[in-house]
Amino acid sequence: MGEITRKIGLSLGADICWPASYETIMRELDLKIPMGGDTIRFEVERVSIEPFRLRADCQYDVVIDRLTHWYHTSREWIKKAVLMNDIYVFNNPWSLQSMEKHTAYCAMIHLGMPIPETWLVPPKQYPAGNPDLRPTLHQYAKLFDLGRLGDLVGYPNYVKPYDGGGWRSVVKCSNAEDLKAAYEKSGTDVMHVQKAVTPSDRFVRTIGFGPQTRHILYDPHAPLHQRYTDEKDFLSEAESHHLRKVTMTINAFFGWEFNSCECMRQGGVWHPIDFANPCPDSQVTSLHYHFPWLVKAYVRWSVFCAATRRPMRRTLDWAPFYAVAESEASYEEKLDGYEAIADERLETERFESFCAEHLAHLDEVTWEFFGTAVARDIVRQKVAALYPAHEVEEFTEHFWSRIQTWRDEESA
């Protein structure tokens, strides 16, 4: 029997608020978890960027990655460390690299989800320098009638890149003229044209973190700092469970343990519209009221994975999902089947037991932390990084007051 230290690495980009909160709460928790006759302690360290030897050892047991989707040096280091050093990282870097929105749409259509009608169109322009391009297009590229395609999809529709996120180059088109103008401006991007879900009466963004989910009523028309609303009771119990099943299915299918799924409700039917967002928004300036939940989700899942030495799923296995999809079951029954696969892969029951036994004091520690001057200064640092100087105090108070509303409700 001895004391073993598990090391959690934070692979970060411009993140400020959540890692600072995470690190402080981990210090306050001062975890000493008995497991297998040993006592498990934890260290948290920010991962540096530097040259690395492919045969080098790795000091981390778990890495929380926020950088892989755009910074390739870190992505390749993580892939090396998974293959050579048996680290656990979320999300699966190969899945994150290769599974873009287009693949996600196709896969979930196959599983029976009501994805809006979507077409892919070739890019309007091509980068110069490929000698094979002209003969390829000359022989095989068919001219197409964009107006006819728009009629087949229906209006209004959205033109958006087949990959990426953050509302990049997303254009709403109400008619053929809008569609033509959007395509003319799309440059070298391969684009989707997707039927809008309209009219609709609910827009919900669900954050999935391991087996943890949180539904947030989303207002895409509001200013950025107000899009995540703090509305409550906007879903029935059945709808809440339905959206959990949708999110868990997507995340387990693609090996994404941290992702967000946007769904819109039309005529009582929930349509997933945007759900390839591994490494989703984690900033207090967006999440405010929901930010403490997210930080706790980071702590719970990373500590669980590190303490239990949860094995990294390096490859994806879609056969069980396809077997459910090919059954004669109804859509909701298929979602039940997908959810069962996801719960098994994400060890939901074991995770919940672990949290109840070893992290029962996390709620209290987090509540106390978000009432401190340290927490308020972290919020201010994030606001100062994004807002002009004359708005820093106003918006720091705005986001801080939302967090205090959360604290008031938690203590009621």
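Predicted model: local features only at pLDDT ≥ 70, side-chain atom pairs only at ≥ 80, totals over all residues.
Helix α7 gives the most to the lining of the second largest pocket, contributing four residues. About 360 Å³ of space lies within the second largest pocket. Of the 15 residues that line the pocket, the closest to its centre are Lys 124, Lys 142, Leu 143, Phe 144 and Tyr 183. Both α6 (146-153) and α7 (176-184) supply at least two residues each to the lining. Sorted by class, the lining holds 10 nonpolar residues, four charged ones and one polar one.

Attention now turns to helix α4. This helix spans residues 101-110, and its buried residues are Lys 101, Ala 104, Tyr 105, Ala 107 and Met 108. An α-helix has 3.6 residues a turn, so residues three or four places apart point the same way. The cover over the buried residues of α4 includes the strands β7 (157-161), β9 (191-195) and β13 (269-274), together with helix α8 (237-254).

Two packed helices are described by the angle between their axes and the distance between the axes. For α4 and α8, the axes come within 11 Å and cross at roughly 115°, and the crossing is right-handed. On the α4 side the contact is made by Thr 103, Ala 104, Ala 107 and Met 108, while α8 brings Thr 249, Ile 250, Phe 253 and Phe 254. Six of the contact residues are nonpolar and two are polar, with no charged residue taking part.

Most residues other than glycine have a negative phi, and most peptide bonds are trans. Against that background, the peptide bond from Tyr 155 to Pro 156 is cis, with omega near -5°; Pro 156 sits in the loop between α6 and β7. The bond from Thr 198 to Pro 199 is cis as well, with omega near 0°, and Pro 199 belongs to the loop between β9 and β10 (202-209).

Positive phi values occur at Asp 233, near 55°, and at Glu 347, about 55°, neither of which is a glycine. Asp 233 lies in the loop between β11 (212-217) and α8 and is exposed, with a relative accessible area of 78%. Glu 347 is placed in the loop between α12 (331-345) and α13 (348-358).

Terms used:
Residues numbered from 1 in each chain as written. Heavy atoms only, no water. Buried < 20%, exposed > 50% of the residue type's maximum accessible area, 1.4 Å probe, protein only. Contact = heavy atoms within 4.5 Å. Axes fitted to C-alpha atoms, helices over the stretch in contact; angles between N-to-C directions. Left-handed = near helix turned anticlockwise from the far one by under 90°. Nonpolar A, V, L, I, M, F, W, Y, C, P; charged D, E, K, R; others polar. 1 Å grid on protein atoms, 1.4 Å probe; cavity = no way out; pocket = protein on both sides within 12 Å on 5 of 7 lines; lining within 4 Å. Points joined across faces, edges and corners; volume = space filled by probe spheres on them.
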